[in-house]
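Colleague: I've got this structure open and I'd like to ask how you decide on the words you use for it. Can we go through them one by one?

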Amino acid sequence: RAHGAFPAALDELDRAYRRYTESGQPPAAGLALAERGDILRIQGAYAEAEAAYERAATYGHDPQPGRALLWLAKGRTAAAAGAVRRLLQEAGNPVQRSRLLPAGVEVLLADGAVDEARSAMEEMSAIAESIGSTALRAAAAHSAGCVHVASGDAAGALPHLRLSWRLWTVLDSPYEAARARVAMGRV
């Protein structure tokens, strides 16, 4: 998935789902379904993504923040923002929060909550620096660029978006790199 090989990732997730259901590991099966939903959402297969998220939930796995991003993509901004706010209130440790914060910033910006998004972005940047994760640094830079754009500071956004693009390129993550380039193009 990280390298943009979505069909291969879907095949592997299907195998993982079967393996986990056969071996009686419902939480892992739910995680595989949620990951499948994320890929389908990225590809624009919203009905299939929603079905995967629903099935993930039946296995006891909360398919968030992917489901909130799906709602956002389908124009259900208020529902997505409500879900993100709930998730951010519940998630306690930095690892859990680092999974939620990139989506949180995206959804909060779409909801017009620039100050909340800025706070989430600042927290994500701090976690990225403390953990030392290149992927999280790339996501934090992308979020920082988007917050600058939403604040009317296009010039301030470009360095962050360029950094995000460079880091995603180094990680060979073409989808995320493309998102950064699209954001730079919009700026």
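This is a predicted model: local features need pLDDT of at least 70, side-chain atom pairs count only at pLDDT 80 or more; totals for chains, interfaces and linings use all residues.

Colleague: Which residues in H5 are buried?

Modeller: Residues are numbered from 1 along each chain as its sequence is written, and side-chain values use heavy atoms, with hydrogens and water left out. Now H5: Ala80, Ala81, Ala83, Val84, Leu87 and Leu88 are buried. Buried means under 20% relative accessible area, exposed means over 50%, and partly exposed is in between (1.4 Å probe, protein chains only).

Colleague: How do you know that they sit on the same side of H5?

Modeller: They cover an arc of only 160° around the axis, so they share a side of H5. The arc is that of the directions from the helix axis to the C-beta atoms. The face turned away from the buried side carries exposed Ala78, Gln89 and Glu90. H4 and H6 are among what covers the buried residues, through contact, meaning heavy atoms within 4.5 Å.

Colleague: Which residues of H7 are buried, and which are exposed?

Modeller: Val114, Ala117, Ala120, Met121, Met124, Ile127 and Ala128 are buried. Their arc around the axis is only 145°, which puts them on the same side of H7. Asp115, Glu129 and Ser130, on the other side, are exposed. The cover over the buried residues of H7 includes H6 and H8.

Colleague: What makes something a nonpolar core?

Modeller: A nonpolar core is a set of buried Ala, Val, Leu, Ile, Met, Phe, Trp, Tyr and Cys residues joined through side-chain atoms within 4.5 Å. The largest one here has 35 residues, and Val105, Val107 and Met124 have the most contacts inside it. Helices H4 (66–73), H5 (77–90), H6 (94–110), H7 (114–131), H8 (134–150) and H9 (154–170) each supply at least two of its residues. A second, separate core has 18 residues, including Ala9, Ala29, Ala34 and Ile39.

Colleague: What does Met124 touch, leaving aside its neighbours within four places in sequence?

Modeller: Met124 is in contact with Leu101, Pro102, Val105, Leu136, Ala139, Ala140 and Ser143.

Colleague: Why is Asp172 called partly exposed?

Modeller: Its relative accessibility is 44%, so Asp172 counts as partly exposed. Asp172 is in the loop between H9 and H10, and its phi is near 55°, a positive value in a residue other than glycine.

Colleague: Where is Pro65, and what is the peptide bond from Gln64 like?

Modeller: Pro65 lies in the loop between helix H3 (46–58) and H4. The peptide bond from Gln64 to Pro65 is cis, with omega near 10°.

Key. Helices (H or I, at least four residues) and strands (E, at least two) are DSSP runs, numbered from the N terminus.
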